[in-house]
Amino acid sequence: MKISRSRRMFLQGTGGALVAIPVLGSVLERRSHAGGVLEPPVRYVQWVTDHGQNADRFFPSAAPTDEVAPGVRARDLTTIDGPLSQVIGTEFDVVRSKMNVIRGLDALAPSGLHNACVPTCASAPPVDNHVPAFPHSVDSILETSPIVYPSTARVPALRMTPGVPWAYKWGSFCWTRQNGEPFKLPAFESNAAALEAVFGPEGEEGTPPEENPVIAARLRLTDQVIDDYARVINSQQLSSEDAHLLSDYMDLLSEVQDRMLAEAPDCSRPDQLTESDFDLLHQNAIDIAVVGMLCGATRVVAYHAYQGSPSDYDEETFHAWAHDDANLHATMQVYRYEQLARLLARMDAFTEANGRTLLDNSLVYACNELSHPGHAGNDQRVPGSTHLVDMPVITAGDAGGRFVTGQYIDFGVRLLNNLLVSIFNVMGLSHADYEQDGVEGFGDYAGQRAQDYAAYMSTDARRSPLPYLYKA
Amino acid sequence: MTSRARLASIALLAICTSTGCYRGVDDAATAGGADGGDGDGGDGDGDGEDGGVAAACADADVRGTDNVSMRRLTRAEVMQSMEAVVGPDVMAASTVLQAAVQIPGESPGDLVADFQNGHAIEHVAGLLVTAEAVASEVGADATARGTVFGACADTADTACAGSFLDMQARRILKRPLSAERRQALLSGFEAEGAGLAGMQWLLSRLLQAPEAVFHLEPIRAACDPDPVACPDVPGGLVAIDDWAVASRLSYALTGQGPDDDLLDAAARGELRTVAQVRPHAERLVDSAAARRQLSAVLDSWLLLGTRAKPNLAVAGALGIDADGLAEEAREELLEYAAYQVFDADAGAAELLGAAIGFPRSQRMAELYGSEVAAGDAPVTLPGGHGGLVLRVSPLMSGHPYTSPILRGAYVRKRVMCDDVPLPDPAAVAEGLAELDAADRTVLSTRQVVEAVTAPPLCAGCHQLINPLGFAMEGFDPFGRARTEEVVYDEAGVELARHPLDTVVDDPILDDDGPDRLTGAEDLAGALADSAKARACIAERLYTYGWLRPAGDGDACTIAQVALGLQEGGSIKDAWIDAVVAPELFVRTAEDSQ
C-alpha cells in the first residue's frame, strides 16, 4: 500500500516498512477520552476466526510457571525458544514483546449447540440457530459509546469479513439488538466497500465534508428521502410495528447524514493491490483497517479471517477438518494467524504523536469461535462443554499502558467474560456503560457446569477486569 | 400444537421429537410423536390424505396469523426490482456493480432460517450510493435514458418529470403516487435545477423510497374504519390493500416487483380472491424471473451455495479438474430442477426420483457416467443418479472419503424436513476421535461409522441418519457411481479397497415406506414415493415466499399443498398454491392504526 501525504502527517518508507514522521509536533493529533490533545485515543481491534483450535497446536509447550496473582501464572514470551507454537509462528516474533498468549478462559454454554458469538459476546445460542442468548458484541457496545466517540465518527465500527459472506453462520461475530431482537451486524465483504465507507466519495479528498459537493448533494437527497418516509408513515394505514420499521429506517438515514459530515480521514485514499489471491485481499483489508484507525475514521475494528490458504476458502471442508484432521486444520489456522501477525506488524509500523506505535496505543483481541474443535474429548477440563473451555486468546498492544504485554498467561479456570470486561475498562467504560439486558457483567453466566465458576459469579466479580493482565 | 407438529400430523410419523432422539424411535412413537399424542395426526396411514389436512386446517382462525409485520426487501430483491425498471445493461455497468457491493447481502445458507427483518446502516448507505449509480448510469446511456426517463429527458422540464413519474413511479413504488407525494417529488426535481440531472435525482430518490425498500402492507381502504367488517377476513386479521397483494404475489414467485398487468389489476381492485389472483400467478410462474426465483428457493432449501468443494488432492490424483466443479454441479442441479418444474411440468415423484440430468461439460458427464447434454433435453443418468439429491452437488465431499453421516443427515433434514437435534457434544467428541483413529485400510467407511455410532446414546438418532447415508455409499466423494470403496489418504494416494454394502433395513422414511433399501436407486424411489418429502417440498415452497419459518397459521396451506403433490399435482401448481392462499390477502390486526 502506498499512503499519500496527508494534511497533518508524513509517512515514509524505511527498510520496507512505513513509519510516521511527526510534523510540527502535531502528527495525528486526536481528541481522546483522556482529553490530551497529543494523546492518541485507544483503538480496539477484535480479530475472530473459526472452527476451533487444538490446544497442542496453539499454546506454547512451555507452561507458565510464575504465580503473578492468585491462581494466575505467567511466563515471559521471550523465554520461549523458537516459534511460540505451530499456529503462532515466527511471524509473531517481531511483536512478541507486545503481545500476550492467554489460556484458562472459558465461556459458558447451555449445551453443545453451534456457536454464534462466544468470543465477542461471551454468549452461545440457547437453541440451534446460531443466535446468541446475549446478542451484544464488544464492538457494538463501543461504537455507540460517547466515551469512545465524543463526536460522530466516519465509521464507528469498521467490520470486515474480507472475501467471505458476513451473513453466513461463519461470518460476522458482531451482534446487537434491534427492536428487541438479536441482530447480526453486517461486515464489509469487499475491500472496495470498506474503502468507500472510510474515505467517502472518491475524488474529493482533502475537502471538508461540508464543502464537498458530492456530500452536499447526498445530504439534500437523503433529506428528501426522509421526507418521503415521513409522508408514508403519516398517510398510509400501517400497523404500528410497520410504522416503527419505517421510523427506524429514517433514523438510519439521519445517521448516514451524520457520518457523512464527520471529520474526514487525515490521509489520502490508499492505493489497493490487485486482489488476485487471498494474501493480497488481506493485505488490502489490513491496510484499510490500519489507515482507518491511524487517520481518524474509526477507533473500533472488527476483523474476521476465514480463508485457509492464498487460494482456499471452503467452510464446509474446513469444518470437517476441525472434526477429523488436526493436521490440515492446523495448516488452515497457521495461514489465518499469519494474517493476524501481518495486521499486528502493520499496526506497529506507524508511530503516532505520543511517540508510540499504533499497536502500542491499541488493544488487539484475537480469538476463535471455539476452543478445542471436537478432538479434545480425553483431556477436556469440563466434559460437555468442550468447545468453549480454554479459549485460544491472543492480545496485543498495551492500550496506552493499560495492559501487560509479552506474557504467556494461564488464568486456570476463569470466565472469558472478564476479559471482555477488561477490554471495556481499557476503553474507559464502566459497568453502567457496557451492561445490557439487565445482565450484571457481560455475556452468559449460566450453562453447563456453571458451578465451577461460582467464585466469579458475584456482581463484583463479574464486573472485575482480569487480574495481572489489566493494569488499573 | 406447534406448526411443525401440525405438519408432522400430515407427514405422519414424527421420528425425532423436540426432546431429542436419543430415546429412540420406538420411545418417540410410544409417546405419541411430536404432536404429543393428541390424536389429530390424520388418518395415520402415511399417505398424507385429507385427514391430515383437516387436522391442520381445523382452526381457521389461526390462518394468516403469522403475517405480523411487513418485511424489508432482500438485497437480491432490491437489485432485481431495479433491473426490472432500468434493464439489465444498466445494472451490469461497473459503476453500479461497484456501488451495489456496499449493500450487505443475505446469508448464502438457509435464508428462510437466517433472514433478519431489519436494516443496518450499511444497508441504507449502500442503497444510497447504488441508487445514485443506477440513476447516473441511466442518464449516461442514451437507450436507457429514453426508456426510463422518456424522450424528453435531455432537456427535461417539469412536464417531462411529471410524465416520468406517471410512467415509472408506479413500477418502482408498486403503487400509485398520491397527488401530494407527486407534487413533493416535482418540487424536489425543480429545486435540483430540473433537466437531466433533475431526472436522475428523481430516480435516485424513488429507488430509496419506503415502497422500494419494504414490502409495504397498508390496510385495504375498503375495510376502513372497521377492518374486522371485511366479510372475507377472519377475526383478528385485516385485509391488506390490492397493491400489497400484488407485491406479495410477485415477489414470492419472481423475486421482483409486479408487472403492469398485475398493477392494473390492483388498480381495478381485482386482487381480492384466490380466483382473481391465480391467473396472474400462472402467468408469472412461466416467466424467466420465476426460474431465477426457483434457484433462490433451492439454494436456501438445499444449501446449494455452501456445499463442500471437492477434495483437491484426490481430484488431482484422479485427473479430475476440480476448478469450479462445485459451482458447475450446483448449476447442473438447478437446471435439472428448472427443467422438471417449468418444462416438464413434473410432479414430486419425478422431481425427487427421475434419473435425468444436464451435465454440460465432459467432466460433469464423466462424473455422472453419462453423455454430455447438448440441447434443451436432458440425458439419462446411469448408476443410480437422479432426483434432487442423488446428484453431484449434494453428494460431493471435501474429503478423500464419503461421509454417510453427513449425507444421511442432509437427506433427513433437507428432503424429509425432519428435525434432527444436535447430539451431546461430549459424545460427538468421543465419536469423532474414534472416527479419526479408525484404520480405514482395514475397515470400510460404513464399518467405521457403524462401530462409532453403535452406542445406545448415538443409535437413537443415527438409526435415522446412517441408513440413508449407507444407501448412498454407491457414490464416491465426487458423486461418481462406484462398485467398490477406494480409500485414499489426504495426498490422494490409494491405500486400500473395500467391497461396498449399500443394503439397509428399516430406513424409517414414511409409515408405509420400504423396509429395506438396496442402494441409491431404491432410495430415490422411496423419496419419490414419500409423503413426508412432499410435505417438505410444500413447506419449503411456502416458507420461501414469506422468508420465515412456518408458524401455526401456515400449517393449513402447507398441508393442502402437500396433499396436492401427494395426489399427483405438479410442482409448479404446488408453488402457485403455496403462494395463492387465503393468507396472501391478510395480516394480523393487532396494533393496526
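Chain A and chain B bury between them an area of about 5,800 Å², where buried area is the accessible area (1.4 Å probe) that two parts lose on being put together, summed over both. Carbon and sulfur atoms give 59% of this area. On the side of chain A, the residues that lose the most area to chain B are A:Leu221, A:Gln237 and A:Tyr249, together 12% of what that side buries.

This is a predicted model, in which local features need pLDDT of at least 70 and side-chain atom pairs count only at pLDDT 80 or more, while totals for chains, interfaces and linings use all residues. Residues are numbered from 1 along each chain as its sequence is written, and side-chain values use heavy atoms, with hydrogens and water left out.

In terms of contact (heavy atoms within 4.5 Å), 61 residues of chain A meet 66 residues of chain B. The interface holds 6 salt bridges, each a side-chain nitrogen of Lys or Arg within 4 Å of a carboxyl oxygen of Asp or Glu. One of them joins A:Arg218 to B:Glu132, with the closest N and O atoms 2.8 Å apart.

Within chain B, B:Asp476 counts as buried because its relative accessibility is 7%; buried means under 20% relative accessible area, exposed over 50% and partly exposed in between (1.4 Å probe, protein chains only). Leaving aside residues up to four places away in sequence, B:Asp476 touches B:Leu395, B:Thr402, B:Arg407 and B:Arg482.

Key: Chains lettered and ligands numbered in written order.
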